[in-house]
Amino acid sequence: MTEAPRDASARRSDEHETGVGLPRLLWVPATLAFALIALPVLGLVLRADWPRVPALLLSEAALDALRLSLLTAGISTALCIVLGGPLAVVLARGRLRGLRLLRSVVLLPLVLPPVVGGLALLFLLGRTGLLGRGLDVAFGVTIPFTTAAVVLAQTFVALPFLVVSLEGSLRTAGRRYEAVAATLGASPGLAFRRVTVPLVLPGLASGTVLAFARCLGEFGATIAFAGSLQGTTRTLPLLVYLERETDVDAAVALSLLLVVVAVAVIAVARPRTIEVER
Amino acid sequence: MSRLDARVVVRRAAFSLDVALSAEPGEVLAVLGPNGAGKSTLLGVLAGLLRPDAGHVRVGDVTVADPGSGVHVAPHQRGVGLLAQQALLFPHLSAVGNVAFGPRAHGVPRREAERRARELLAAVDATELADRRPAGMSGGQQQRVALARALAPGPGLLLLDEPLAALDVDATPAMRSLLRRVIRDAKQTALLVTHSALDALVLADRVVVLTGGRVVEQGSTRDVLGRPRSPFTARIAGLDLVPGTACPEGLRTADGTVVSGLRGGEALGPADGEPAVAVFPPAAVAVFADRPRGSPRNVLHVRLAAIEPHGDVVRLRAGAVPGGPGWVDGLAADVTPAAVADLAAEPGAELWFAVKATEVGIHAASR
Amino acid sequence: MAAAAVAGLLVLAGCGGGATNGAAAGGSSAAPEDRTLTVFAAASLTESFGELEKQFETGNPGVDVVLNYGGSSDLAQQIVNGAPVDVFASASDSTMKAVSDAGLVDGTPAVLAKNVLQIATVPGNPKGIASFADLAKPGLKVVVCAPQVPCGAAAGKIETATGVTLRPVSEEPDVKSVLGKVTSGDADAGLVYVTDVASAGDKVQGVGFAEAAQAPTTYPIAVITDAPQTELARSFVNMVTGEPGQKVLGAAGFGAP
């Protein structure tokens, strides 16, 4: 009763805290690493033709691309949650044989060049692909060159980000809380909804942000599988790549737009598991 | 308030557990045993988290496990609660939310469940914690809320898995007496797994000692701990116990002898007239050939019953002197071999055991 | 450790940018026979320039021609940013202009070839496409280059000239991507260069159309200012624009300048 509460504020560092210090040698590569990330972005900012930037960003092509990027990244992220969430649960809690193999397959899109993913999708769902041919013959549906193709490509590359991050937090949470819930009379379903899901919410949030960011930046799989058409399949990265051919200023302005969107996503979501815990 | 009747058989490659135990409604049964004795396996089987190979588990009238006839009731349908070492409060719920979780899972409407939760929080002296999240509570506070949570669904059987082991030393006595009070008040049938003789003494009516997956000793707590028959019990018990009733100075034995001792704070100790036990370690006992004078100690006249080598020290076992009180029988004093030589004591000699009041703890005891 | 990593990076950078540089410097200081000629060429010239490289090396013993193919605008940007190059052969006037605007073209660019668009269909031409106007038929999946790249600009010109408006399902960033969408069978037809159809062999079927001549793409070639091997560079350009080069380019489907 008289113990000090384990309040977060009690653990927050104050200016008197010195810690154990860091080896000085670490600062050199750490600074280089930071510079490697920050300086190119700074270069982009300096290279921009600022007086023209508003006009470049308000062009119909740019607005269409932004709208399409946000729409497809949003849908893809939702798909990642709906499909990847249960997959993460199976990977973390399942007792199937071959689960390790399953996990390494799930990780493939992290390792594969996205353009390979796009080709793979094409060979599966393209008009002459394994499944695509059937879809075309049976329903007259073809997927390439549609917004749905963009969503599929983005989901393909972003899914592992969500699965890995959610699986990690499911493992960290462990089954102990679920066992406690069971001894309190909660069925497995109820324990999952009322205990497991809230426990892994931070992991789900950070996975969602990562997946959304990955969707926004998707290029290779999209161009290979979905093509590029304004308003339908031409997302911001595709437009950047195209504008670079003729109008570098436009490409730079659009790149900056992507940077701003990315920073906004990280700032708004602020996934706790990404942020350093103090 | 259900009867527990169980025989649990679990066979593993390097280990087998075969234990029969029972607890009457409202009875608290302590399971003592060294690491690897099978205590966790036993708890797992009773909670339904493990399947036994043979035997049965009955809680009240319901058979919740019987591999012979294929019965295995899922943990959430057993009505078996658990309070473990770690409180494991759900971090995303307030104290009320945690305590109301069980009733809610049983379909009690939210308002009713929260009302019951607040009542239980009051019963564990945690009213002021009701709306706090676990992250803002101390370990002792968390464990109190966890106790309320475990009781909330009204389990037929409550499993207590070393509930005090992870607490700060300062928080342990308060939690121990709270556990005792709440479990007695609720007439809760409970099974307590512990390493601590004191926990068993304060909380349990009966003790089962488990070693290598078998019951090696059982009986009333005071009998088992007061006269240990297995090496394990002797080691962990190793305490001198004097039964009686609480009185202002400490404890009064049945024959009227007063043993002075500390009651562990006004709020925590037993009330005057309540059954109690005085507890002190044998190492705190000084031994004299003649009655020591002018000292504020508890001085007991005994007859030396046995001399037992006990590691670096020698344990002197007391027996009753003719015409003296019987309760000194079995009391132990640990002294150095040199002291034994000085006393020139042999079994049958009359000696005086002296122990300072500050070394004697007075605890509420069962029956 | 960090220092080692940085040193490693610098070595790598040195290798990438300076291979031709170092070899060229070594060549000029040592025997005059051991020389390296670096040529940046548009990707559509790959097959023809591969053949010409052999011929040039046979005619000039001790000379190693290093060819770097890529998208014309990428190559132009590399040159503007200081890549050590002797000859630049581009697939568009605008990219060559970017290089000459930077003051990096020695003299005036020459035209080495012309290319015209052709319709590429899946083998057998199941949709029976016979003319440019057929591409506007509803229900047809047509893929073209984006207007930002030369092949797309050419397609736009033809649309204007014929009054036929295409509704492509995709505007790809380069002509090889257009070809890829046709060879995979996902598009019914694509607008590519006649040389692309030739190089794709039997994976696609070419359908020529007269209007293509109204929007030819010209391929300029130039010696780069301060080229490490100026004399060799001029000699290479002469060969490409002269009879031996024209013969090879003509065989690949290019039109004479």
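Predicted model: local features only at pLDDT ≥ 70, side-chain atom pairs only at ≥ 80, totals over all residues.
## Chain A

Chain A has 278 residues, of which 37% count as buried. Its contacts can also be described by separation in sequence. Among those in chain A between residues at least 6 apart, 75% join residues at least 24 apart.

## Contact between chain C and chain A

Chain C contributes 17 residues to the contact, and chain A contributes 19 residues. On the side of chain C that touches chain A, the largest share comes from strand 7 of chain C (residues 170-172), which supplies three residues. By class, this side of chain C has seven nonpolar, five polar and five charged residues.

## C:Ala136

Where in chain C is C:Ala136 found? C:Ala136 belongs to the loop between strand 5 (117-121) and strand 6 (142-145) of that chain. When neighbours within four places in sequence are left aside, C:Ala136 is in contact with C:Val164, C:Thr165 and C:Leu166.

Is C:Ala136 buried, exposed or partly exposed? A buried residue has 20 or more other C-beta atoms within 10 Å of its own, and an exposed residue has 12 or fewer. C:Ala136 has 15 other C-beta atoms within 10 Å and is therefore partly exposed.

C:Leu45 lies 91 residues from C:Ala136 along the chain, and the C-alpha atoms of these two residues are separated by 30 Å.

Notes:
Residues numbered from 1 in each chain as written. Chains lettered and ligands numbered in written order. Helix = DSSP H or I, 4+ residues; strand = E, 2+ residues; numbered from the N terminus. Contact = placed C-beta atoms within 7 Å. Nonpolar A, V, L, I, M, F, W, Y, C, P; charged D, E, K, R; others polar.
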